[in-house]
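Okay, everyone, thanks for coming. Let me put the structure up and we'll go through a few spots together.

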Amino acid sequence: MEGIFAIWQRDLTKFFRDRARLIGSFSMPILFLLIFGGGMSGSMESMMAGNMPEGAEGFNYVEFVFPGIVAMTLLMTSIFSAMSVIEDKDFGYMKEILVSPISRVSIAIGKMLGAATIATIQGVILFLLIPFLGLSYNLMALIQVIPFMFLLGCALSGLGLLFASLISSTQGFQLTVQILVMPMIFLSGALFPVSNMPAWMDIIVKINPVTYGVDVMKKIMIDVENMPVAVLDAMGLNLSVFGQEVTMFAEVIFIAGFAALLVLFATFSFQRANA
């Protein structure tokens, strides 16, 4: 347990001391908020209006996209935080902890928790933009979504750890992750509804873990219970697999299982590492 805490604490300390990384990590989410939330909101609302039932003209695209932007922040921060594994290899720190009494499981969990904590902090900081965007999410909903944000951060950081344990250079890691991250964002429902997609693309949507993370966050933050079914269809908030609607409980279990599986894979990879 001490080993997990030491690794977690070290990653957080490194993050808060690196001001360039702290500020730069917000550039992409804020850019997406400006482009999609501000610049394209009118166009998107007009396009969506054709699919909306009568009486649901008050569709707010910014309200729809904001949880997706937060999820995107979690994705990018969690995965790219795992790059510290490669840096630790280069500076010899990873070799020291691999030969120490700390178990490989503790190393993987410590790294995962550190990345997930950093990602959650950044996601919560984005909540400060809510008043400036003219949104009015329920305070209790924002509090309730934070534990899930941490769970999603754990799952996504586990994915980053797996790649970082297999790749030996930061350049290779960045290239590989960029190829992976962008489809995960655009095919998750974070920025656009994932309904009425081609069959082959729908398969990718359904196996994308970010899809379920985004769906849970939107269901918690947006008042979906009082929305007409046609609005839920148009916004892609009635996710189904094999014709069965996916419950929020099932999505949370899937994300938790995905996190545990990725940590297991990362642990095996660390065991084979020749750091």
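**A patch and a helix**

So, Ile30, Leu31, Leu34 and Ile35 make a nonpolar surface patch of about 350 Å². For patches, residues need over 30% relative accessible area and no salt bridge, and nonpolar side chains are joined within 5 Å; a salt bridge is a side-chain nitrogen of Lys or Arg within 4 Å of a carboxyl oxygen of Asp or Glu. Areas are Shrake-Rupley with a 1.4 Å probe.

Quick caveat: this is a predicted model, where local features need pLDDT of at least 70, side-chain atom pairs count only at pLDDT 80 or more, and totals for chains, interfaces and linings use all residues. Numbering runs from 1 along each chain as its sequence is written, and side-chain values use heavy atoms, with hydrogens and water left out.

Back to Ile35: it sits in helix α3, residues 27-39 (helices are DSSP runs of H or I, at least four residues). Ile35 is partly exposed at 39% relative accessible area; buried means under 20%, exposed over 50%, partly exposed in between.

Now helix α1, residues 2-17. Which residues are buried there? Gly3, Ile4, Ile7, Asp11, Leu12 and Phe15. Down the axis of α1, those buried residues fall within an arc of 165°, so they line one face of the helix (the arc uses directions from the helix axis to the C-beta atoms). Glu2 and Arg17, on the other side of α1, are exposed.

Last one, Asp11: its relative accessible area is 8%. Beyond neighbours within four places in sequence, Asp11 is in contact (heavy atoms within 4.5 Å) with Ser84, Lys111, Gly114 and Ile118.

Conventions
Helix = DSSP H or I, 4+ residues; strand = E, 2+ residues; numbered from the N terminus. Expected span 1.5 Å × (residues − 1). Buried < 20%, exposed > 50% of the residue type's maximum accessible area, 1.4 Å probe, protein only. Patch = residues over 30% accessible without salt bridge, like charges linked within 9 Å, V, L, I, M, F, W, Y side chains within 5 Å.
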